[in-house]
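Have a look at the sequence and the structure, and then I'll talk you through them.

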Amino acid sequence: PRCGQDMSEKNLAPETGVENRAISYKKGCYIGQEVLNRLHTFAEVKRRLVRLEMDETVPTGTALTHDGKDIGLITSSATLPGEKRNVGLAYIRKPHDEAGTQLSTSTGQTVTVR
């Protein structure tokens with residue numbers, strides 16, 4: 001994920017997938033520690049950043065739906081060099097963030113959560 005595009009100050013760190021390598025729940029006294037510890041102890045995030053596979057790249061900001069309900073937003077997409085596969089990143093609401101879930105874009109394309 002790219003800072004500023006796929007994650008920003010609007011996202012909670014556990015949503016972005018960097019929690020295991022970027023957050024310490026044992027270290028004390030850092031900015032945001034109380035919020036992160038409360039979230040870790042008493043709740044869970046309602047969405048998370050997931051990888052998508054798609055037939056063609058989709059513009060940033062494209063909405064994702066499941067059964068006609070808005071459940072996410074694409075933050076980036078690209079064609080992998082040499083592989084001719086199109087992938088993207090998106091924030092998806094749970095429980096639609098599971099691998100293999102088929103989603104639709106607002107442009108009519110089907111994408112798969114990986």
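Predicted model: local features only at pLDDT ≥ 70, side-chain atom pairs only at ≥ 80, totals over all residues.

Residues are numbered from 1 along each chain as its sequence is written, and side-chain values use heavy atoms, with hydrogens and water left out.

Okay, the layout. The protein chain has three helices and six strands, and along the sequence they run α-α-α-β-β-β-β-β-β. Those come from DSSP runs, numbered from the N terminus: helices are H or I with at least four residues, strands are E with at least two. The C-alpha atoms fill a box of roughly 45 × 35 × 20 Å along the principal axes.

Now, how much of the chain is buried? Of the 114 residues, 37% are buried. Buried means under 20% relative accessible area, exposed means over 50%, and partly exposed is in between, using a 1.4 Å probe and protein chains only.

What about contacts, meaning heavy atoms within 4.5 Å? Among contacts between residues at least 6 apart in sequence, 53% join residues at least 24 apart.

Let's go inside. In soluble globular proteins, nonpolar side chains tend to be buried together. A nonpolar core here is a set of buried Ala, Val, Leu, Ile, Met, Phe, Trp, Tyr and Cys residues joined through side-chain atoms within 4.5 Å. The largest one has twelve residues, including V50, L52, M54, I74 and V113. Strands β1, β3, β4 and β6 each give two or more residues to this core, and β1 gives the most, with three. Apart from it lies another core, of five residues, among them V18, L49, L89 and Y91.

Take I74 from the largest core. Not counting residues up to four places away in sequence, I74 touches L52, V58, L64 and A90, among others.

Next, T65, in strand β2, residues 63–66. Is T65 buried or exposed? T65 counts as buried because its relative accessible area is 19%. Leaving out residues up to four places away in sequence, T65 touches D70, I71, L103 and S104.

Compare that with E19, in helix α2, residues 19–22. E19 has a relative accessible area of 22%, so it is partly exposed. With the four-place rule again, E19 touches A13, P14, Y25 and H40.

Cysteines next. C3 is exposed, at 64% relative accessibility, and C29 is exposed too, at 76%.

Last, the backbone. Most residues other than glycine have a negative phi, and most peptide bonds are trans. D67, in the loop between β2 and β3, has a positive phi of about 55° although it is not a glycine. K84, in the loop between β3 and β4, also has a positive phi of about 55°. D67 is exposed at 71%, and K84 at 74%. And which bond is cis? The peptide bond joining K94 and P95, with omega about 5°; P95 is in the loop between β4 and β5.

Definitions and conventions
Contact = heavy atoms within 4.5 Å.
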